[in-house]
2 protein chains.
Amino acid sequence: MESIEQILNFIVEIEKLKDVNRKTRPVGLERYENSAEHSWHVCISALMLKEYANEPVDIDRVIKMLLIHDLGEIDAGDTIIYASETPELKAKEEEGLKRILDLLPEGRAAQYLSLWHEFEEGESADAKFAKAVDRVPPLLHNLHDNGHSWQKHNVPKEKVFALNSRIASGSNDLWSVIEAKLNTAVETGILK
Amino acid sequence: MESIEQILNFIVEIEKLKDVNRKTRPVGLERYENSAEHSWHVCISALMLKEYANEPVDIDRVIKMLLIHDLGEIDAGDTIIYASETPELKAKEEEGLKRILDLLPEGRAAQYLSLWHEFEEGESADAKFAKAVDRVPPLLHNLHDNGHSWQKHNVPKEKVFALNSRIASGSNDLWSVIEAKLNTAVETGILK
């Protein structure tokens, strides 16, 4: 019963992710997205897009990776992907993730910390695909919101293409479709 | 590529779940929870509580069930669990879910519709556990929020105990811990 109490404390603590705001707005909404609803969105997106991964992936591991990938933001906050991800920031995220995982019963933290490292390193097939999917919703937000976040944060098209072309490491097919949409965004002037 | 376009349309459409408000507030927040962030929360809760299921569960199926369990609310809206779940409401949810799943490439909808039916019927081990976990966060919200939603919707303690004792069908251990918390809530007067 003590273990269940610990897990319930964990469940309450991670609610704070619902109060971490991201830099884009869900399509049709005036408010910014939070990292908890984003986490749900990328899990279901990965599930539906799994057939398009370059290499076979274990979708159940991918989903677990994406369920926990932003927990470190509770302490570190969300940073726009176009800002350079400094080692200091990543260290702060890792520290935050450890603090939260330590609320769980003994012996549970290590597997999730290791899954987070795998995601961050982005080298395994699962991590490459998870990272590719993680980039999709904010791009769709910008594309449906007149480039709101790109413009607000002065992100030039070169940076948008350079950073998001990494989607191709997880899924060439997905990147082809997204790349075409970004080209259209340049033509219509919402991405400069 | 046509299939990927269809999936991206689905990904944009399901964003609407971020605008479906529930009846309780995340711990520490003044605003109501939305069904998208709730879906993330129950997936990660299920993952951490899986050892306490009465019968062995396939946690990957449970997570998929919980990822999609509220999609029908985009069209049907969220209803407080203490209001009776009428056949009309369930039919509306099913219709909404079908509309959304039909955005996916052909041949994809059936498996998720069947998973949703399994969840709603609540008879398989996976569904019993998923339904048990689904009840936990709103109870924690009320317990940390002076019974805000119970009081706002005039839900008497008899109804709270009757409805949530079903948690025991998925996990006796979890229900024991929650039941003790509800008893304390009655003693302190936040649940009447």
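This is a predicted model: local features need pLDDT of at least 70, side-chain atom pairs count only at pLDDT 80 or more; totals for chains, interfaces and linings use all residues.
Q: Which residues line the largest cavity?
A: Look at chain B. The lining is made by Ala53(B), Asn54(B), Glu55(B), Val57(B), Ala125(B), Lys128(B), Phe129(B), Ser169(B) and Gly170(B). Two elements of chain B give two or more residues each to that lining, α7 (125–144) and α10 (167–170). The largest share, 3 residues, comes from α7(B).

Q: Which helix gives the most to the lining of the largest pocket?
A: That's α7(B), with 8 residues. In chain B, at least two lining residues each come from α5 (87–101), α6 (109–121), α7, α8 (148–152), α9 (157–164) and α10. By class, the lining of the largest pocket has 12 nonpolar, 13 polar and 15 charged residues.

Q: And the second largest pocket: what is its volume, and which residues are closest to its centre?
A: Its volume is about 690 Å³. Here 36 residues form the lining, and those closest to the centre are Thr79(A), Ile81(A), Glu85(A), Asp134(A) and Arg135(A). The elements of chain A that give two or more residues to this lining are α5 (87–101), α6 (109–121), α7, α8 (148–152), α9 (157–164) and α10 (167–170). The most comes from α7(A), with 8 residues. Sorted by class, the lining of the second largest pocket has 11 nonpolar, 11 polar and 14 charged residues.

Q: Let's turn to helices. How do I read a packed pair, and at what angle do α3(A) and α7(A) cross?
A: Two packed helices are described by the angle between their axes and the distance between the axes. In chain A, the axes of α3 (residues 59–68) and α7 (residues 125–144) come within 9 Å and cross at roughly 55 degrees. That angle makes α3(A) oblique to α7(A). The crossing of α3(A) and α7(A) is right-handed.

Q: Which residues of α3(A) and α7(A) meet?
A: From α3(A) come Ile59(A), Arg61(A), Val62(A), Met65(A) and Leu66(A), and they meet Asp126(A), Ala127(A), Phe129(A), Ala130(A) and Asp134(A) of α7(A). By class, this contact has 7 nonpolar, no polar and 3 charged residues.

Q: What about chain B: at what angle do α3(B) and α6(B) cross?
A: The axes of α3(B), residues 59–68, and α6(B) come within 9 Å and cross at roughly 95 degrees. So α3(B) is roughly perpendicular to α6(B). Arg61(B), Lys64(B), Met65(B), Leu66(B) and Ile68(B) of α3(B) make the contact with Tyr112(B), Leu115(B), Trp116(B), Glu118(B) and Phe119(B) of α6(B). Sorted by class, the contact of α3(B) with α6(B) has 7 nonpolar, no polar and 3 charged residues.

Key:
Residues are numbered from 1 along each chain as its sequence is written. Chains are lettered from A and ligands numbered from 1 in the order in which they are written. Side-chain values use heavy atoms; hydrogens and water are left out. Axes are lines fitted to C-alpha atoms, for helices over the stretch in contact, and angles run from 0 to 180 degrees between N-to-C directions. Helices (H or I, at least four residues) and strands (E, at least two) are DSSP runs, numbered from the N terminus. Angles under 35 degrees count as roughly parallel, over 145 as roughly antiparallel, 65 to 115 as roughly perpendicular and the rest as oblique. A crossing is left-handed if the near helix is turned anticlockwise from the far one by less than a right angle, and right-handed if clockwise. Contact means heavy atoms within 4.5 Å. Ala, Val, Leu, Ile, Met, Phe, Trp, Tyr, Cys and Pro count as nonpolar, Asp, Glu, Lys and Arg as charged, and the others, Gly among them, as polar. On a 1 Å grid over the protein atoms alone, a cavity is a set of points where a 1.4 Å probe fits but cannot get out, and a pocket is an open set with protein on both sides within 12 Å along at least five of seven lines; lining residues have an atom within 4 Å of a point. Grid points are joined across faces, edges and corners, and a volume is the space filled by probe spheres set on the points.
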